Amino acid sequence: MSEHSVNRIVIDSSALGRNYRRMREIAGVPVMAMVKADGYGHGMVGAARAFARAGCSLFGVAELVEGIQLRRAGIDGDIYVTLGFTEQDPPLLLQHALTPVLYSYEAAAALSRHAVDLGVKVGVHVKVDTGMSRLGLFPDELPPFIDALKNLPGIELAGLMSHFPEADNPQANSTVTGLARFTRACADILANGGIICHIASSGAVLNTPATRCSQVRCGIALYGYHPAGRGEGVPLEPAMSCVSRVLQVKAFPAGVGISYGHTYRTTRPSRLAVLPIGYEDGYSRALSNRGEVLLHGRRAPVRGRICMNMCIVDVTDIEGVKAGDEAVLLGRQGEAVVDADELAAKTGTVSYEILCMLGNNNKREYRD
Ligand SMILES: *Cc1c(COP(=O)(O)O)cnc(C)c1O
């Protein structure tokens, strides 16, 4: 008996390290490891430690609170808070030596006041919207904003950043136009030297070398996946597995309705195995009658609806499955593999969401 759930997420931390080194080599410039969303489900601190061991010294989080957690866990290096900060945040930002990202004058002024109080000079990165239509200043707002920053004591421009909306698609025009807008926006500012610019995410690093600038920001590739699904060329290693165990195996005659709604009826005498994992654990209900799990190194199809914390799989064709056998919902068992791209394709989403849902709803274990 264990005090933990039967369901486990296993993270291969050496695979994280190898993915980091591979992307660092391809990028040819420093790689910021994006560890937001609890490290894309892999555990923010564990993932950051694995990347740091592989040589990473730049980290990206969404919110201030995540940066503080990383510092408390002993992560050194630069930690960028990419969603920006509120006017109340500067004391915490500076106390934890986090790298501020800016897109408003009010935030800049609040940071300036606090930096002056402490007698320090803080480098800031300004976010530019070059076509993502999300956070950031439009390129034509940049020159007056940068001028205004110059009049704020205690802060100085350290970098400019932007983000592509379709970096996963090598043909996307928005990458070309976004890069052109970014380069134009940076040109005058860069002429003064010493400014870091960064725009490329995993997809841009892999598909569009011209976007690499002074550094890049990678998320999904470090966790082992190509942004657009199954990738060409660069070998990446998925680091996350999801493992459960069979609770019970039962025999049914043909014609029996299975699980809520009886959306599946046995078409032959069948043996079905019940697993203690369901949509509350991040195994999406959209996988009802579609998902496949691995048992004895073979694929067992999900039958009927996935419940809140159970699902039912067909083991009629797999010899000898019994209660307690290990079932793999994501990852490898023998020669068979279920990856996050497969689950994403079956549920109309992306690997990113599959990793977050499974990873952030189950207990994680790290293996070297
Ligand atoms: C999440 C994120 C990235 C990383 O994107 P991937 O496609 O996972 O490589 C890069 N930049 C910003 C601003 C992000 O929020």
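Student: Which residue of β3 does Ala 33 stand opposite?
Tutor: Welcome! This is a predicted model: local features need pLDDT of at least 70, side-chain atom pairs count only at pLDDT 80 or more, and totals for chains, interfaces and linings use all residues. Residues are numbered from 1 along each chain as its sequence is written, and side-chain values use heavy atoms, with hydrogens and water left out. In β3, the residue opposite Ala 33 is Phe 59.

Student: In which sense do β2 and β3 pair?
Tutor: Strands (E, at least two residues) and helices (H or I, at least four) are DSSP runs, numbered from the N terminus. Two strands pair if DSSP finds at least two bridges between them. Strand β2 (residues 31-34) and strand β3 (residues 58-61) have two bridges, and their sense is parallel.

Student: Which strands stand at the edges of the eight-stranded sheet, each with a single partner?
Tutor: The open sheet runs β8-β7-β6-β5-β4-β3-β2-β9, with parallel pairing. Each edge strand has a single partner, so one side of it is left without a neighbour in the sheet. These edge strands are β8 (196-198) and β9 (216-218).

Student: Are α3 and α4 roughly parallel or oblique to each other?
Tutor: Helix α3 (residues 44-53) and helix α4 (residues 64-72) pack at about 60 degrees, with axes 10 Å apart. Axes are lines fitted to C-alpha atoms, for helices over the stretch in contact, and angles run from 0 to 180 degrees between N-to-C directions. Angles under 35 degrees count as roughly parallel, over 145 as roughly antiparallel, 65 to 115 as roughly perpendicular and the rest as oblique. The two helices α3 and α4 are therefore oblique.

Student: Which residues of α4 make the contact with α3?
Tutor: Contact means heavy atoms within 4.5 Å. On the α3 side, Met 44, Val 45 and Ala 48 take part. Their partners in α4 are Glu 66, Gln 69 and Leu 70.

Student: How far apart do the C-alpha centres of domain 1 and domain 2 lie?
Tutor: Domain bounds come from an automatic or database domain assignment, which gives domain 1 (13-223) and domain 2 (240-367). Across the two, 13 residues of domain 1 are in contact with ten residues of domain 2. The distance between their C-alpha centres is 38 Å.

Student: Which residue of β17 stands opposite Leu 272?
Tutor: Three strands form an open antiparallel sheet in the order β11-β14-β17. Strand β14 (residues 270-275) and β17 pair over four bridges. In β17, Leu 272 has opposite it Asp 314.
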